[in-house]
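Me: I would like to learn how to read the features of a structure, step by step. Could we go through one together?

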Amino acid sequence: MSETGKHPSIESTLKSVDTEEFIDIHFYRPIGYRWALLFSRLGVSPNSVTIASIFIGILSGVCFYPRDLLVNVVGMLLLVWANTFDSADGQLARMTGQKSALGRILDGLAGDIWFIAIYAAICLRLTPEWGLWIWAFALLTGLFHSRQAAMADYYRNIHLLFLKGKDGSELSYSPALREGYKKMSWRKDFIYKLFEHFYINYTIKQESMTPRFQRMMTIIREKYRGQAPEWFRSEFREKSLPLMKYTNMLSFNTRVIVLFISLLIDQPWLYFAFEITILNAMLAYMVWRHERVCKFFLEKL
């Protein structure tokens, strides 16, 4: 409990210190915690906060269209605001126990919608000088961005699975998702089933990039009934922890810093170039390192 004895501590609303970035711990999480306390008192649900963040993020993207530095800075502040809400929805869910599959899907969708708006605004801004090439550039960048964010989220939840167990992780397994999907009715659960359809495909893509991890998990499910032994959890955390800095750099803060710099110097195309080169190289390195870790444990298991 907090010092007042009335509210949960900010630490209890974090996923884990292992997976939190410096900027998040010292900026976004404290602000998100205050929002979460307010929303809890007002009876606002985490999903409502997520939806609010989507609209703020879209408005932020609109502000990146004009070549007006003041408007662009307003857009930057709006994007920061949207991300404090993105932090608050998860903290509120953990604070109130209102976790849900739909909430996780919406949370992931929110960031995608922000950046779709941002990409579109930048493309409209640069079309007069780039023509249709900037749209092709943005489309390619967006495909890479989606994969980078998906794998960063996947590796973070793998780490949380062995650090905190199933209750502390949101790691998904496509065969289990399919079983739940089959039980849904298109008539009664149309929206949920539609979301689940896309989420299953999202999870399958994550799994396809981690073949050694999938084999390792098969052994754990068959040999240990899905409960990894303590020695494994301890050793895996030690080897996985150095990779968490890459998952954070591929998520929000690093890419947004580069986005803001590119807008401040009126060269927003540099942001696309950064994602395609630097962040893609980082993703390739992270996948290679993680698969090596899994190979090590496959031999031990």
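Reply: Gladly; we will take a helix, a core, salt bridges and a pocket in turn. This is a predicted model, in which local features need pLDDT of at least 70, side-chain atom pairs count only at pLDDT 80 or more, and totals for chains, interfaces and linings use all residues. Residues are numbered from 1 along each chain as its sequence is written, and side-chain values use heavy atoms, with hydrogens and water left out.

Me: How far apart are the end C-alpha atoms of helix H2, and what span should its 17 residues have?

Reply: Helices here are DSSP runs (H or I, at least four residues), numbered from the N terminus. The expected span is 1.5 Å times one less than the number of residues. Helix H2 covers residues 46–62 and should span 24 Å; its end C-alpha atoms are 25 Å apart, which agrees.

Me: Which residues of H2 are buried?

Reply: An α-helix has 3.6 residues a turn, so residues three or four places apart point the same way. Buried means under 20% relative accessible area, exposed over 50%, and partly exposed in between (1.4 Å probe, protein chains only). In H2 the buried residues are Pro46, Val49, Thr50, Ser53, Ile54, Ile56, Gly57, Ser60 and Gly61. Take serine 60: its relative accessibility is 0%, so it counts as buried. Leaving out residues up to four places away in sequence, serine 60 touches Gly75, Leu78 and Leu79, where contact means heavy atoms within 4.5 Å.

Me: Which residues touch the most other members of the largest nonpolar core?

Reply: In soluble globular proteins, nonpolar side chains tend to be buried together. A nonpolar core is a set of buried Ala, Val, Leu, Ile, Met, Phe, Trp, Tyr and Cys residues joined through side-chain atoms within 4.5 Å. The largest one has 37 residues, and Phe64, Leu79, Phe115, Leu259, Phe260 and Phe272 touch the most other members. Two or more residues come from each of helix H1 (22–42), H2, helix H3 (69–96), helix H4 (101–130), helix H5 (133–164), helix H11 (253–264) and helix H12 (269–300). Beyond its neighbours within four places in sequence, phenylalanine 64 has contacts that include Met76, Ile118, Leu259 and Phe260.

Me: Which parts of the chain does the pair of arginine 67 and glutamate 129 tie together?

Reply: A salt bridge is a side-chain nitrogen of Lys or Arg within 4 Å of a carboxyl oxygen of Asp or Glu. The whole structure has nine. In the bridge between arginine 67 and glutamate 129, the closest N and O atoms are 2.7 Å apart. Arginine 67 lies in the loop between H2 and H3 and glutamate 129 in helix H4, so the pair ties together parts 62 residues apart in sequence. Arginine 67 is partly exposed, at 45% relative accessible area, while glutamate 129 counts as exposed at 52%.

Me: Are arginine 255 and glutamate 275 buried or exposed?

Reply: Both are buried. Their closest N and O atoms are 1.9 Å apart, and the bridge links helix H11 to helix H12.

Me: Which helix gives the most to the lining of the second largest pocket?

Reply: Rolling a probe the size of a water molecule over the atoms shows where empty space is left. H8 gives the most, with five residues.
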